Amino acid sequence: MAKPKLMDYDKALELFEPVLGFEVHVELNTQTKMFSDAPNPAAAGNEPHEPNTTITPVDLGLPGSLPVVNEQAIKYSISLGLALGCSIAPSSRFARKNYFYPDLAKNYQISQYDEPIAFDGNVEVELPNGRVFQVEIERAHMEEDAGKLTHVGGATGRIQGAEYSLVDYNRAGVPLVEIVTKMITGAEADAPDLAKAYVSAIRDIVLSLGISEAKMERGNLRCDANISLTPRGSGQLGTRTETKNVNSLRSVERAIRYEIQRQAAILADGGTIIQETRHWHEDTGVTSAGRPKSDADDYRYFPEPDLLPVEPSVELIEELRAALPEAPALRKRRLKEAWGFTDLEFQDVVNSGLLGEVEATTAAGASAQSARKWWTGEIARVANERGVEPSSLVSPLHVSELVAMVEDGELTDRLARQVLEGVMAGEGSPGEVVKSRGLAVVSDDGALIAAIDDALASQPDVLEKIRDGKVQAAGAVIGAVMKAMKGQADAARVRELVLERAAATE
Amino acid sequence: MTDLTRLSAAALSEKLQAGEVSSVEVTRAHLDRIAAVDGDVHAFLHVSSAALDTAQAVDDKRAAGEKLGPLAGVPIAIKDVLCTMDMPSTAGSRMLEGWVPPYDATVVRKLREADLVPLGKTNMDEFAMGSSTEHSAYGPTRNPWDLERIPGGSGGGSAAAVAAFEAPLALGSDTGGSIRQPAAVTGSVGVKPTYGGVSRYGAIALASSLDQVGPVTRTVLDAALLHDVIGGHDPRDSTSLRDEWPSFATAAREGAASKSLAGVRVGVVKELNGDGFQAGVHSRFAESLELMASAGAEIVEVSAPSFEYAINAYYLILPAEASSNLAKFDSVRFGLRVTPESGGTVEDVMAATRAAGFGDEVKRRVILGTYALSAGYYDAYYGSAQKVRTLIQRDFAAAFEQADVLVSPAAPTTAFKLGEKLDDPLAMYLNDITTIPANLAGVPGMGLPMGLAPEDGLPTGIQFMAPAREDVRLYRVGSALEALLEDKWGHTLISRAPDLSLGEEFAAMEGAV
Amino acid sequence: MSSSSTEQLTTDQVAHLASLARIALTPDEITKLTGELGVIIDSVARVNEVASADVPATSHPIPLSNVFRADVPGETLTTEQALSGAPDHDGSRFRVSAILGEEQ
């Protein structure tokens, strides 16, 4: 199939205004599923399971089975709603969304229709270029996930051309919260960045709440991106497409950019956009049309008769509100100001996921810059090498101790790195490692002088050269002393002593 | 030796506890009876091969001195709408032919824990949609009073099983009268508990907001004993009530012993009082009212104007919920799979399977329900029907201000002939006219025998209804009336049923009672 | 409230409903059903006579709310039990013919 025509991005933005909308599905990490007490495969650890092993009659939709609501999922949903700045419905109900599909065990999904648990919120999103957006949230509602289909026999493992499909219901019934934004206008050329930043912000929020593992590559967080183009000056909203299978932050950005270019090309040629669901392909960087839906969207919603209304008390809501962690966006702003980092430095910390570590290290007494240096420098390097999380290597307290020792002059940077190695090897705190390995900087001038004497013995003309004004000659002596002291000397002090000696023997 | 199959469950219970008879003997007697008559009656779709073993195990427990419940060792038939791990559960449909569930319904688990002995699964209208059991995919059940007539529905199998003395007890389900109406036309007793009083977990769903599981028996006391076993909160059913229920058996015994209705206000629902019903139903009903009055009851007339719309609301709500509940029958995980000759996509297989697996009545209601929920039609149909429900509840509430229990005939006619109403779905729906309001409102109802219709000698039944959660009133008042009637007749009604083992196929002679 | 609906149900509508409900009806069945359903719908549409705007809908006969369970795992089915009723499976997953439609 020929790659569809794409308009140049900047040209597209000249002619059209992008209008966005997002539906993000968050898999909650409760112990059990939304409506059954089967173990939740999206719980912390995201352990893989053999197919069809985390199911009860309810998840399989067996005749006679009935749903029962997971109380923890309700609390998590309310907390998420509050973190999104939403109002929490005093009474909300579940509804059946009826459609036939093999991954839907009952051929209806228990969801929420006109009574979502949370509504009317907003999320602050900061773009890489510094622009700050308030993305308005229409609603957040609870529902259950569907099973997983594997298509067999086709060329690409996708649905088209497959001979048959296999169904695994492990994921069926996993608790989901669907977050729906209101229409987003005004993003302009930043649309792809906004998309990425929005999804990232949602991810930050659910991680900070601890309610989801939020691994996009595992499907814990899924984004459906809606985009339409308004021809400039027309005031007429365009037809929107919905793009699914956007499995990473990078995909979010690329897919939005692609759709803008694709739709612009069609519209500029006088064509029309088909309202349809499209599928993003990360490997080829294109969206493709999904099969046309024959039933249109007649889901025949009606209130779920097997479940009762959810009516959280004001006390519960306030209890959950009080337990909310600081909003990630606010926290970032606060820390950036407090630390005085440049944008690049701060972004570096954020991108490395080390915000918490740096914060904790400064709380233990170290300066923010030093904390940043160590965490994003040596510790991150080792973590990368070993394929582990930096936080698993050393504690913020120990890092702060290390920083203090360097600032005191007790350790040089070089020595500090050795001490860090020892701490990461589990030899104890920085102080203990210094003692056991004997790594402290030698501060006794006598020892230094003795070493200087030794060095001078083999390089007698150094002092002469220094007296002649060639101060750099001291370097050879300093080098020899440092070597002899195994680096456990303050090179600056050695230099002072060498120069003093040169002056003294005048 | 007394014919064990003629004894009530209460009487069997006494003999079992006294050691006069073993559960194996009781069970064998009923299995023999089934073998003798079920070829004609066709109440059973499956007879358990484990029954005697189960009975033996109960006898062993009793011999070992274990303390057992009152119904331990008593056999029971189970409507095929209930999931049983050791027997197929077909819901009367080709769609689930031979399907053995990997789990027990909660009520079935309770039966087993109370040491009852499951005899087998009984026939029913497919997916409980019907009033005659003629819509079973496995052939109809015949009324033991006249094998050319229907036993009622959808639970005709359970009612026929107890009326034909094939089982002393049975379980049924009632969505619009499927327990109470068969009770009326077979001369037996049936109770629909308060909605939520008995767990629906494991009962193959028809209409989730209307379905209830309940006892089907020959006496009010037996129904009470069984209700005591199966009722109560089930965490697996979100709609089940947490109430602590009083002992219904105690209430039934008290009512029967007192034979008095002094201080009881009995409300006759004007809209359900029998006008337009079969003459014999009307007259037996009037006589029952007189009998109650003579026992001290205050008969009052109450009006429930919205009951006129009950059937209309019901036939919107039920199909809508059913169309969604039956969507799970799609050839993928269980049940029938029909692949079109030319192969096809899974959508084709689903459509072909459902076309072959569902009978006409089911298709009718699923399509109707799909329509009632469709975009653009919801408000006018399903939405409006749910409002009528509110009005019906209000009418009940008002009526229960003036009366302690409400009464009506449990069915408008005696058992009609097989095939008589099959071509007219609307006419068939009218069989439930007196029973539907209770399901819509969630209030409990009981059907029990009130006499044979003089014109055809067939059973008629009376229905009591009580406020939600007041099931105990049904047992107290029902057992009192039952005792009064039996005193008046000099015998039980069911004892007048023709002797099937002699091959008699005719109804009792006119004027018999 | 307006009087009961006198909308005529057409065979096209019934065919569409059958498709929504995934039931392959024959043309004869569609015709017969259209007639039967039309009569039923007229009859049941009477509800609109009394279902006025000021009457709230009742979804549940007995009012309850906040019915939950604790987030504690219970018993699961074994894969064997899960597949026990399956018309076709590969020992681990259910098998179905190729799928036409797209995920929702």
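**Figure 1. Asn70(A) and Arg69(C) face each other where two chains pair up.** In this predicted model, Asn70(A) sits opposite Arg69(C), a residue of strand 1 of chain C. The strands involved are strand 2 of chain A and strand 1 (residues 68-69) of chain C; they run parallel and are joined by two bridges.

Figure 2. Chain A puts 46 residues into the contact and chain C puts in 34 residues. On the chain A side, the elements giving two or more residues are strand 2, helix 2 (71-83) and strand 9 (164-168). Which of the elements gives the most to the side of chain A that touches chain C? That's strand 9 of chain A, with five residues. Sorted by class, this side of chain A has 23 nonpolar, 13 polar and 10 charged residues.

**Figure 3. Three strands of chain A make an open sheet.** The order is 5-4-15, and the pairing is antiparallel. Strand 5 (108-111) and strand 15 (302-303) of chain A are at the edges with a single partner strand each, so one side of each has no neighbour in the sheet. Zoom in on strand 4 (residues 95-98) of chain A and you'll find four bridges tying it to strand 5 of chain A. Within that pair, Lys97(A) stands opposite Gln109(A) of strand 5.

**Figure 4. Tyr198(A) belongs to the largest nonpolar core.** That core has 293 residues, and Tyr198(A), Ile76(B) and Leu316(B) are the ones with the most contacts inside it. Helix 3 (residues 191-209) of chain A gives the most to this core, with 11 residues. Leaving out residues up to four places away in sequence, Tyr198(A) touches Phe22(A), Val123(A), Val125(A) and Val135(A). Another core, of 44 residues, lies apart from the largest one; among its members are Ala368(A), Val399(A), Ala416(A) and Val419(A).

**Figure 5. Chain A splits into three stretches.** Domain 1 covers 9-295, domain 2 covers 327-421 and domain 3 covers 445-504. Taken over C-alpha atoms, the centres of domain 1 and domain 2 of chain A are 35 Å apart.

Figure 6. Most residues other than glycine have a negative phi. Is Asn52(A) buried or exposed? Asn52(A) is buried, because 29 other C-beta atoms lie within 10 Å and the cut-off for buried is 20 or more. Lys259(B) has 16 other C-beta atoms within 10 Å, so it counts as partly exposed.

**Figure 7. A cis peptide bond turns up in chain B.** The bond from Gly153(B) to Ser154(B) is cis, with omega near 5°, although most peptide bonds are trans. Ser154(B) sits in the loop between strand 3 (117-122) and helix 5 (156-163) of chain B.

**Figure 8. Helix 16 of chain B is mostly covered.** Helix 16 (residues 471-489) has 19 residues and reaches 27 Å from its first C-alpha to its last, close to the 27 Å expected. Of those 19 residues, 14 are buried. Just past the helix, Gly490(B) takes a positive phi of about 85°.

Methods. Residues are numbered from 1 along each chain as its sequence is written. Chains are lettered from A and ligands numbered from 1 in the order in which they are written. This is a predicted model: local features need pLDDT of at least 70, side-chain atom pairs count only at pLDDT 80 or more; totals for chains, interfaces and linings use all residues. The expected span of a helix is 1.5 Å times one less than its number of residues. A residue is buried if 20 or more other C-beta atoms lie within 10 Å of its own, exposed if 12 or fewer, and partly exposed in between; C-beta atoms are placed from the backbone. Two strands pair if DSSP finds at least two bridges between them. Two residues are in contact if their C-beta atoms, placed from the backbone, lie within 7 Å. Ala, Val, Leu, Ile, Met, Phe, Trp, Tyr, Cys and Pro count as nonpolar, Asp, Glu, Lys and Arg as charged, and the others, Gly among them, as polar. Domain bounds come from an automatic or database domain assignment. A nonpolar core is a set of buried Ala, Val, Leu, Ile, Met, Phe, Trp, Tyr and Cys residues joined through C-beta atoms within 7 Å.
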